[in-house]
Amino acid sequence: MNTKDLALTIIFAALYAALVVVFTPISFGVAQFRIAGALRPAIAKKWILSLGYGLGALIGNFFSPFAGPWDLVFMPIMSVIAGLAGFFIAKRFKQNYFVSGAVTAVIIALSLSFMFEQLAISPFLVALPMLLVTDLAACIIGAVMFMLIDKRFRWWHS
(Lines give C-alpha, C1' and ligand atoms only; values in the text may rest on other atoms or scores of the structure.)
Protein backbone atom coordinates (compact mmCIF):
# COMPACT_ATOMS: atom_id res chain seq x y z
CA MET A 1 0.00 0.00 0.00
CA ASN A 2 1.39 3.39 -0.91
CA THR A 3 1.03 6.61 1.07
CA LYS A 4 -1.75 7.95 -1.13
CA ASP A 5 -3.83 4.79 -0.70
CA LEU A 6 -3.31 4.87 3.05
CA ALA A 7 -4.34 8.53 3.23
CA LEU A 8 -7.35 7.92 0.98
CA THR A 9 -8.44 4.97 3.13
CA ILE A 10 -8.13 6.97 6.36
CA ILE A 11 -10.04 9.90 4.85
CA PHE A 12 -12.72 7.51 3.60
CA ALA A 13 -13.08 5.95 7.07
CA ALA A 14 -13.21 9.34 8.78
CA LEU A 15 -15.75 10.74 6.33
CA TYR A 16 -17.96 7.66 6.62
CA ALA A 17 -17.85 7.75 10.43
CA ALA A 18 -18.46 11.51 10.53
CA LEU A 19 -21.53 11.24 8.28
CA VAL A 20 -22.94 8.43 10.43
CA VAL A 21 -22.45 10.51 13.58
CA VAL A 22 -23.74 13.79 12.11
CA PHE A 23 -26.86 12.03 10.87
CA THR A 24 -27.25 9.77 13.93
CA PRO A 25 -31.05 10.14 14.14
CA ILE A 26 -31.48 8.48 10.71
CA SER A 27 -28.33 6.30 10.67
CA PHE A 28 -29.60 3.52 12.93
CA GLY A 29 -32.60 1.25 13.17
CA VAL A 30 -34.72 -0.84 10.85
CA ALA A 31 -35.85 2.22 8.87
CA GLN A 32 -32.39 3.76 8.71
CA PHE A 33 -31.09 5.91 5.87
CA ARG A 34 -27.32 6.11 6.13
CA ILE A 35 -26.25 9.09 4.12
CA ALA A 36 -22.71 7.79 4.62
CA GLY A 37 -23.74 4.86 2.43
CA ALA A 38 -23.41 7.17 -0.56
CA LEU A 39 -19.64 6.73 -0.20
CA ARG A 40 -19.75 2.96 -0.80
CA PRO A 41 -19.79 3.07 -4.63
CA ALA A 42 -16.29 4.62 -4.54
CA ILE A 43 -14.96 1.20 -3.57
CA ALA A 44 -15.39 0.25 -7.26
CA LYS A 45 -12.14 2.06 -8.01
CA LYS A 46 -9.96 0.97 -5.07
CA TRP A 47 -10.36 -2.26 -3.11
CA ILE A 48 -8.43 -0.76 -0.18
CA LEU A 49 -11.40 1.53 0.50
CA SER A 50 -13.29 -1.53 1.75
CA LEU A 51 -10.97 -1.44 4.77
CA GLY A 52 -11.77 2.24 5.25
CA TYR A 53 -15.46 1.39 4.98
CA GLY A 54 -15.14 -1.27 7.69
CA LEU A 55 -13.19 1.08 9.95
CA GLY A 56 -15.68 3.90 9.35
CA ALA A 57 -18.56 1.55 10.16
CA LEU A 58 -16.83 0.47 13.38
CA ILE A 59 -16.29 4.07 14.52
CA GLY A 60 -19.76 5.21 13.47
CA ASN A 61 -21.40 2.24 15.17
CA PHE A 62 -20.00 3.27 18.55
CA PHE A 63 -22.87 5.78 18.48
CA SER A 64 -25.48 3.11 17.76
CA PRO A 65 -28.27 2.45 20.25
CA PHE A 66 -27.48 -1.23 19.59
CA ALA A 67 -23.72 -0.89 20.16
CA GLY A 68 -22.39 -4.25 21.15
CA PRO A 69 -20.77 -7.23 19.45
CA TRP A 70 -23.18 -7.15 16.52
CA ASP A 71 -22.58 -3.48 15.68
CA LEU A 72 -18.92 -3.37 16.69
CA VAL A 73 -17.69 -6.70 15.30
CA PHE A 74 -20.20 -8.31 12.94
CA MET A 75 -21.21 -5.24 10.93
CA PRO A 76 -17.67 -3.87 10.41
CA ILE A 77 -16.59 -7.31 9.19
CA MET A 78 -19.61 -7.50 6.89
CA SER A 79 -18.81 -3.99 5.65
CA VAL A 80 -15.32 -5.08 4.59
CA ILE A 81 -16.75 -8.22 2.95
CA ALA A 82 -19.44 -6.18 1.17
CA GLY A 83 -16.84 -3.67 0.00
CA LEU A 84 -14.53 -6.36 -1.35
CA ALA A 85 -17.42 -8.11 -3.11
CA GLY A 86 -18.52 -4.77 -4.55
CA PHE A 87 -15.02 -4.08 -5.83
CA PHE A 88 -14.45 -7.49 -7.42
CA ILE A 89 -17.87 -7.69 -9.06
CA ALA A 90 -17.68 -4.06 -10.28
CA LYS A 91 -14.25 -4.84 -11.74
CA ARG A 92 -16.00 -7.15 -14.23
CA PHE A 93 -18.15 -4.18 -15.27
CA LYS A 94 -15.36 -1.64 -15.89
CA GLN A 95 -15.30 -0.56 -12.23
CA ASN A 96 -18.89 0.61 -12.43
CA TYR A 97 -20.03 2.64 -9.43
CA PHE A 98 -23.64 1.45 -9.72
CA VAL A 99 -22.61 -2.22 -9.66
CA SER A 100 -20.34 -1.69 -6.66
CA GLY A 101 -23.05 0.23 -4.84
CA ALA A 102 -25.74 -2.35 -5.59
CA VAL A 103 -23.57 -5.25 -4.41
CA THR A 104 -22.60 -3.54 -1.16
CA ALA A 105 -26.18 -2.38 -0.55
CA VAL A 106 -27.60 -5.89 -0.93
CA ILE A 107 -24.98 -7.49 1.32
CA ILE A 108 -25.38 -4.83 4.00
CA ALA A 109 -29.19 -4.97 3.88
CA LEU A 110 -29.05 -8.76 4.28
CA SER A 111 -26.52 -8.45 7.13
CA LEU A 112 -28.51 -5.79 8.97
CA SER A 113 -31.74 -7.75 8.58
CA PHE A 114 -30.03 -10.81 10.03
CA MET A 115 -28.60 -8.73 12.89
CA PHE A 116 -31.99 -7.15 13.70
CA GLU A 117 -33.61 -10.58 13.78
CA GLN A 118 -30.89 -11.95 16.09
CA LEU A 119 -31.36 -8.98 18.43
CA ALA A 120 -35.16 -9.48 18.34
CA ILE A 121 -35.63 -5.98 16.94
CA SER A 122 -37.39 -6.98 13.74
CA PRO A 123 -38.12 -10.11 11.75
CA PHE A 124 -35.71 -10.60 8.84
CA LEU A 125 -38.37 -10.31 6.15
CA VAL A 126 -39.82 -7.15 7.67
CA ALA A 127 -36.47 -5.35 7.89
CA LEU A 128 -35.06 -6.48 4.54
CA PRO A 129 -37.32 -4.55 2.12
CA MET A 130 -36.91 -1.27 4.01
CA LEU A 131 -33.14 -1.66 4.26
CA LEU A 132 -32.80 -2.65 0.61
CA VAL A 133 -34.68 0.45 -0.52
CA THR A 134 -32.74 2.88 1.66
CA ASP A 135 -29.31 1.28 1.03
CA LEU A 136 -29.87 1.15 -2.73
CA ALA A 137 -31.09 4.76 -2.73
CA ALA A 138 -27.97 5.93 -0.89
CA CYS A 139 -25.74 4.01 -3.29
CA ILE A 140 -27.50 5.40 -6.37
CA ILE A 141 -26.98 8.91 -5.02
CA GLY A 142 -23.33 8.09 -4.36
CA ALA A 143 -22.78 6.50 -7.77
CA VAL A 144 -24.15 9.60 -9.51
CA MET A 145 -22.04 11.83 -7.27
CA PHE A 146 -18.84 9.90 -8.07
CA MET A 147 -19.61 9.87 -11.80
CA LEU A 148 -19.88 13.66 -11.68
CA ILE A 149 -16.62 13.91 -9.75
CA ASP A 150 -14.95 11.66 -12.35
CA LYS A 151 -15.73 14.17 -15.08
CA ARG A 152 -13.24 16.59 -13.54
CA PHE A 153 -10.97 14.60 -11.26
CA ARG A 154 -9.51 11.09 -11.34
CA TRP A 155 -9.28 10.79 -7.56
CA TRP A 156 -8.35 7.10 -7.57
CA HIS A 157 -5.17 7.36 -9.67
CA SER A 158 -1.85 6.86 -7.88
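Helix axes are here lines fitted to C-alpha atoms over the stretch in contact, with angles taken between N-to-C directions. On this basis, in the predicted model, the axes of H1 and H3 come within 7 Å and cross at roughly 35°. The crossing in which H1 passes H3 is right-handed. On the H1 side, the contact is formed by Leu8, Thr9, Phe12, Ala13, Tyr16, Ala17 and Val20. H3 contributes Leu49, Leu51, Gly52, Tyr53, Leu55, Gly56, Ala57, Ile59 and Gly60. Classified by residue type, this contact of H1 with H3 comprises 12 nonpolar and 4 polar residues, and no charged ones.

The overall architecture is helical, with 6 helices and 0 strands in the chain. The radius of gyration of the chain is 15 Å, close to the 15 Å given by the globule rule for 158 residues, and the chain is therefore as compact as a globular protein of that length. Along the principal axes, the C-alpha atoms fill a box of roughly 45 × 25 × 25 Å. Of the 158 residues, 47% count as buried. Among contacts between residues at least 6 apart in sequence, 68% join residues at least 24 apart.

In soluble globular proteins, nonpolar side chains tend to be buried together. The largest nonpolar core of the present model has 33 residues. Those with the most contacts inside this core are Phe12, Tyr16, Tyr97, Leu112, Phe116 and Trp155. At least two core residues are supplied by each of helix H1 (3–22), helix H3 (49–61), helix H4 (69–91), helix H5 (97–118) and helix H6 (124–150). H5 gives the most, with 8 residues.

Tyr16, one of the core residues with the most contacts, also takes part in the contact of H1 with H3. Leaving aside neighbours within four places in sequence, Tyr16 is in contact with Tyr53, Gly56 and Ala57, as well as with Arg34, Ala36, Gly37 and Leu39.

A further residue of note is Arg40, located in the loop between helix H2 (24–27) and H3. Arg40 has a relative accessible area of 2% and therefore counts as buried, the cut-off being under 20%. Beyond neighbours within four places in sequence, Arg40 is in contact with Phe12, Tyr53, Ser100, Thr104, Ala105, Ile108, Asp135 and Cys139. Two of these partners, Phe12 and Tyr53, belong to the contact of H1 with H3.

Notes: Residues are numbered from 1 along each chain as its sequence is written. This is a predicted model: local features need pLDDT of at least 70, side-chain atom pairs count only at pLDDT 80 or more; totals for chains, interfaces and linings use all residues. Side-chain values use heavy atoms; hydrogens and water are left out. A nonpolar core is a set of buried Ala, Val, Leu, Ile, Met, Phe, Trp, Tyr and Cys residues joined through side-chain atoms within 4.5 Å. Buried means under 20% relative accessible area, exposed over 50%, partly exposed in between (1.4 Å probe, protein chains only). Helices (H or I, at least four residues) and strands (E, at least two) are DSSP runs, numbered from the N terminus. Contact means heavy atoms within 4.5 Å. Axes are lines fitted to C-alpha atoms, for helices over the stretch in contact, and angles run from 0 to 180 degrees between N-to-C directions. A crossing is left-handed if the near helix is turned anticlockwise from the far one by less than a right angle, and right-handed if clockwise. Ala, Val, Leu, Ile, Met, Phe, Trp, Tyr, Cys and Pro count as nonpolar, Asp, Glu, Lys and Arg as charged, and the others, Gly among them, as polar. The radius of gyration is taken over C-alpha atoms; the globule rule is 2.2 Å times the number of residues to the power 0.38.
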